[in-house]
Amino acid sequence: MYKILTQPDLMKTPESLKRVENGEEIVTTAIHLSEVANILEAKLGLSVALDFLEEPLTAKNVTVLSVSTKDYLHFIIVARERRISVNDVLTYLKMKELGIEEIYTFDKHFSTSTLGVLTK
């Protein structure tokens with residue numbers, strides 16, 4: 001089963017990081033990776049951000065999904081209607097599209113949904 005990776009906080013959770021390092025298959029999006037890289041660059045510098053990006057882009061057990069302009073425009077409409085972050089909408093709808101039922105996240109929006117939340 002795939003899990004969608006959305007938060008840099010995952011890296012602070014050794015158990016889940018160990019599972020990913022041991023080959024557990026996960027899914028993320030280019031947008032989420034970019035979001036994390038921007039945070040890393042601002043706090044730790046460009047080199048750290050680039051090293052971070054290289055890892056999931058070359059890992060065999062990580063699937064990085066692209067997001068089309070058409071999809072993102074749809075996510076914006078839903079985000080306005082639901083009054084939640086566009087990237088939360090992106091995550092949720094991509095998970096539904098792929099039949100993913102578990103997520104690595106510390107985002108409280110997902111703990112109240114019907115999705116299984118993995119934080120450890």
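1. Confidence along the protein chain, expressed as pLDDT (the predictor's confidence in each residue, from 0 to 100), is highest in strand β3 (residues 62-65), at 93, and lowest in strand β5 (residues 116-118), at a mean of 44. The chain averages a pLDDT of 80, and 76% of the residues score at least 70. Over residues 114-120 pLDDT stays under 50, yet the model has 25 contacts beyond four places in sequence for this stretch, a contact being heavy atoms within 4.5 Å.

2. On the basis of the values: this is a predicted model, in which local features need pLDDT of at least 70 and side-chain atom pairs count only at pLDDT 80 or more, while totals for chains, interfaces and linings use all residues. Residues are numbered from 1 along each chain as its sequence is written, and side-chain values use heavy atoms, with hydrogens and water left out.

3. Helix α4 (residues 69-82) and helix α5 (residues 86-98) have axes that come within 8 Å and cross at roughly 115°, which makes α4 roughly perpendicular to α5. The axes are lines fitted to C-alpha atoms, for helices over the stretch in contact, and angles run from 0 to 180 degrees between N-to-C directions; those under 35 degrees count as roughly parallel, over 145 as roughly antiparallel, 65 to 115 as roughly perpendicular and the rest as oblique.

4. From α4, the residues D71, Y72, H74, F75, I76, V78 and A79 meet V86, N87, V89, L90, L93 and K94 of α5. By class, this contact of α4 with α5 has nine nonpolar, two polar and two charged residues.

5. The structure holds one aromatic pair, formed by Y72 and F75, with 6.3 Å centre to centre and 80° between the planes, an edge-to-face arrangement. Rings of Phe, Tyr and Trp (its six-membered ring) pair if their centres lie within 6.5 Å, and planes under 30 degrees apart count as stacked, over 60 as edge-to-face and the rest as tilted. Both Y72 and F75 lie in helix α4, three residues apart, about one turn of the helix.

6. Helix α2 (residues 30-44) also packs with α5, at an angle of about 140° and with the axes 10 Å apart, and the two helices are therefore oblique to each other. In this packing I31, H32 and E35 of α2 meet N87, L90 and T91 of α5.

Technical notes. Helix = DSSP H or I, 4+ residues; strand = E, 2+ residues; numbered from the N terminus. Nonpolar A, V, L, I, M, F, W, Y, C, P; charged D, E, K, R; others polar.
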